[in-house]
Amino acid sequence: MALILGIDPGSRKTGFGIIDYASGRAEYVTSGVIRMPQGELPERLKVIYDSVTELVALHCPQELAIEQVFMARSAGSA
């Protein structure tokens, strides 16, 4: 059994999901969105840090996957 935490990073909304992977099967545990307040980037990064720290403490995942950040149309939104 391995709990895996997946992160979909974003500076306004950061998604997460946790699955339990065992014997070749993945089972859903939980998922959600971390929504950032208006403000400067350091403040928003602190919200992400605190929220992910809470998720790790609550679920104790053994593995972590982070989606690669890419820039689509707007460098400002990326």
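Mentor: Lys46 counts as partly exposed, at 47% relative accessibility; buried means under 20% relative accessible area, exposed over 50%, and partly exposed in between, with a 1.4 Å probe and protein chains only. The model is predicted, so local features need pLDDT of at least 70 and side-chain atom pairs count only at pLDDT 80 or more, while totals for chains, interfaces and linings use all residues. Residues are numbered from 1 along each chain as its sequence is written, and side-chain values use heavy atoms, with hydrogens and water left out.

Trainee: With which side chain does Lys46 meet in a salt bridge?

Mentor: Side chains of opposite charge can pair when their charged atoms come close. Here the partner of Lys46 is Asp50, at 2.8 Å from N to O; a salt bridge requires a side-chain nitrogen of Lys or Arg within 4 Å of a carboxyl oxygen of Asp or Glu. Asp50 is partly exposed, with a relative accessible area of 34%. A search of the whole structure finds 1 salt bridge.

Trainee: How many residues apart are Asp50 and Lys46 in helix α1?

Mentor: An α-helix has 3.6 residues a turn, so residues three or four places apart point the same way. Asp50 and Lys46 are 4 residues apart in α1, which separates them by about one helical turn. Helices (H or I, at least four residues) and strands (E, at least two) are DSSP runs, numbered from the N terminus.

Trainee: What should the 19 residues of α1 span?

Mentor: The expected span is 1.5 Å times one less than the number of residues. For α1, residues 41–59, this gives 27 Å, and the end C-alpha atoms are 27 Å apart, in agreement.

Trainee: Where is phi positive in a residue other than glycine?

Mentor: Most residues other than glycine have a negative phi. Ser23, in the loop between β2 and β3 (25–35), has a positive phi near 50° and is exposed, with a relative accessible area of 80%. Cys60, which follows α1, has a positive phi of about 50°. The loop between α1 and β4 (63–66) holds Cys60, which is partly exposed at 49% relative accessibility.
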